[in-house]
Amino acid sequence: MSISDYIENNRHIKLEDKEHDWEIIFERIKKFKTINHDTKILEIGTGTGWLPILCKKKGISCKGIEISAQLVEYAKYFGQKYGIEPDIELGNIEGTDIGISKYDIIIATSTFEHVQYWQKVLKKVFDALKSGGLFYFYSTNKFSLISGEYNFPLYGWLPNNFRYHLRIYRQGKDIMKFGIDFNQFTYSQLRYFFKKLGFSTVLDIVDAFDPHNLNNPKNWKNFLLNILHRFKVLKHLVLFFAPGTHFICIK
Ligand SMILES: C[S@@+](CC[C@H](N)C(=O)[O-])C[C@H]1O[C@@H](n2cnc3c(N)ncnc32)[C@H](O)[C@@H]1O
């Protein structure tokens with residue numbers, strides 16, 4: 001998908017349509033971290049800019065880094081419609097200095113699959129967080145039964161080179177410049193890497209939520225979480241095939 005197609009697919013989305021997604025992410029973060037007007041947040045890979053725009057609307061400081069000039073422009077245009085100017089820097093996170101001990105929270109949702117040298121960038125994220133800072137991560141899961149990246153049976157399971165060739169063959173070589181998922185992650189790979197970086201707490205999506213302390217406990221959710229908390233083998237099995245890898249890490 002080209003950037004223009006990505007923008008066109010998202011053009012109909014209003015800021016209020018993203019409120020719910022914003023609330024979900026921040027409800028999860030707030031279980032571990034207080035957010036106030038002094039909190040400094042960074043989002044890596046801002047897409048249409050909805051997250052930094054909503055943060056600014058709510059009086060929260062959130063800077064963004066985005067590799068696509070077209071998307072930075074679109075985010076400005078999107079924000080302007082609501083009288084908000086998002087603070088989004090144009091740049092490739094792989095070559096951008098994000099500082100040392102600068103942020104309280106760093107968020108990356110559906111971005112790291114596109115970051116070729118992801119290990120180096122995760123180290124950068126770790127360094128850029130203050131002590132006690134939180135990293136909110138969501139990305140691909142290699143063994144997911146359905147891929148959010150490309151509609152092909154067991155797409156994520158395929159070896160990387162095969163996936164790249166398939167995408168180039170079907171979508172043209174520009175896919176390698178924008179849109180390719182260089183990485184299909186696994187929970188065990190990421191858990192190991194986050195711990196190796198030095199995060200003091202590494203929680204997958206199941207660990208992160210105490211079933212007795214959910215903000216909006218729905219019965220089935222509570223029930224499922226209880227089961228997964230109790231039976232670790234089942235938890236790992238469910239996460240192995242889950243649609244994405246989802247972590248909260250505390251420095
Ligand atoms: C699938 S979109 C997700 C956007 C947003 N985080 C969301 O969840 O709606 C991934 C975004 O990351 C950006 N991106 C990909 N690689 C990047 C990199 N190396 N540095 C900065 N941004 C990058 C893409 O341009 C795109 O806007």
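In which loop is the place of serine 110? In this predicted model, serine 110 sits in the loop that runs between strand E4 (103-109) and helix H5 (118-128), and the phi of this serine is near 55 degrees, a positive value in a residue other than glycine.

- Apart from neighbours within four places in sequence, glutamate 113 makes contact with Ser139, Thr140, Glu149, Asp181, Phe182 and Asn183.
- The C-alpha atoms of glutamate 113 and tyrosine 138 are separated by 9.3 Å, although the two residues are 25 residues apart along the chain.

- Leucine 154 is not a glycine, yet its phi is positive, at about 50 degrees; its place is the loop between strand E5 (129-140) and helix H6 (160-171).
- With 12 C-beta neighbours inside 10 Å, leucine 154 counts as exposed, because the exposed class takes in residues with 12 or fewer.
- Helix H6 has 12 residues and reaches 16 Å from its first C-alpha to its last, which is close to the 16 Å expected at 1.5 Å a residue.

**Helix H4 and what covers it**
- The end C-alpha atoms of helix H4 (residues 69-80) are 17 Å apart, in agreement with the 16 Å that its 12 residues should span at 1.5 Å a residue.
- The buried residues in H4 are Leu71, Val72, Tyr74, Ala75, Phe78 and Gly79; viewed down the helix axis, the buried residues of H4 fall within an arc of 160 degrees, so they line one face of the helix.
- Ala69, Tyr77 and Gln80 are exposed on the other side of H4, whereas the buried residues of H4 are covered by elements including H1, helix H3 (50-57), strand E2 (61-66) and strand E3 (87-90).

**The nonpolar core**
- The largest nonpolar core has 50 residues, of which Ile105, Ile106, Phe135, Tyr136 and Cys249 touch the most other members.
- Isoleucine 106, one of these, touches Leu42, Ile44, Val125, Ala128, Leu129 and Phe135 when residues up to four places away in sequence are not counted.
- As general background, nonpolar side chains tend to be buried together in soluble globular proteins.

**The ligand shell**
- There are 16 residues around the ligand, and those that come nearest are Gly45, Gly47, Ile67, Ile93 and His114.
- Sorted by class, the shell around the ligand holds six nonpolar, eight polar and two charged residues.

**Lysine 18**
- Lysine 18 is placed in the loop between helix H1 (3-10) and helix H2 (19-30), and this lysine is partly exposed, with 18 other C-beta atoms within 10 Å.
- Setting aside neighbours within four places in sequence, lysine 18 is in contact with Ile13, Trp50 and Leu54.
- Between the C-alpha atoms of lysine 18 and glutamate 89, which are 71 residues apart along the chain, the separation is 21 Å.

Note on methods
Residues numbered from 1 in each chain as written. Predicted model: local features only at pLDDT ≥ 70, side-chain atom pairs only at ≥ 80, totals over all residues. Near = placed C-beta within 6 Å. Nonpolar A, V, L, I, M, F, W, Y, C, P; charged D, E, K, R; others polar. Helix = DSSP H or I, 4+ residues; strand = E, 2+ residues; numbered from the N terminus. Buried ≥ 20, exposed ≤ 12 C-beta atoms within 10 Å, placed from the backbone. Contact = placed C-beta atoms within 7 Å. Expected span 1.5 Å × (residues − 1). Arc of directions from axis to C-beta. Core = buried A, V, L, I, M, F, W, Y, C linked by C-beta atoms within 7 Å.
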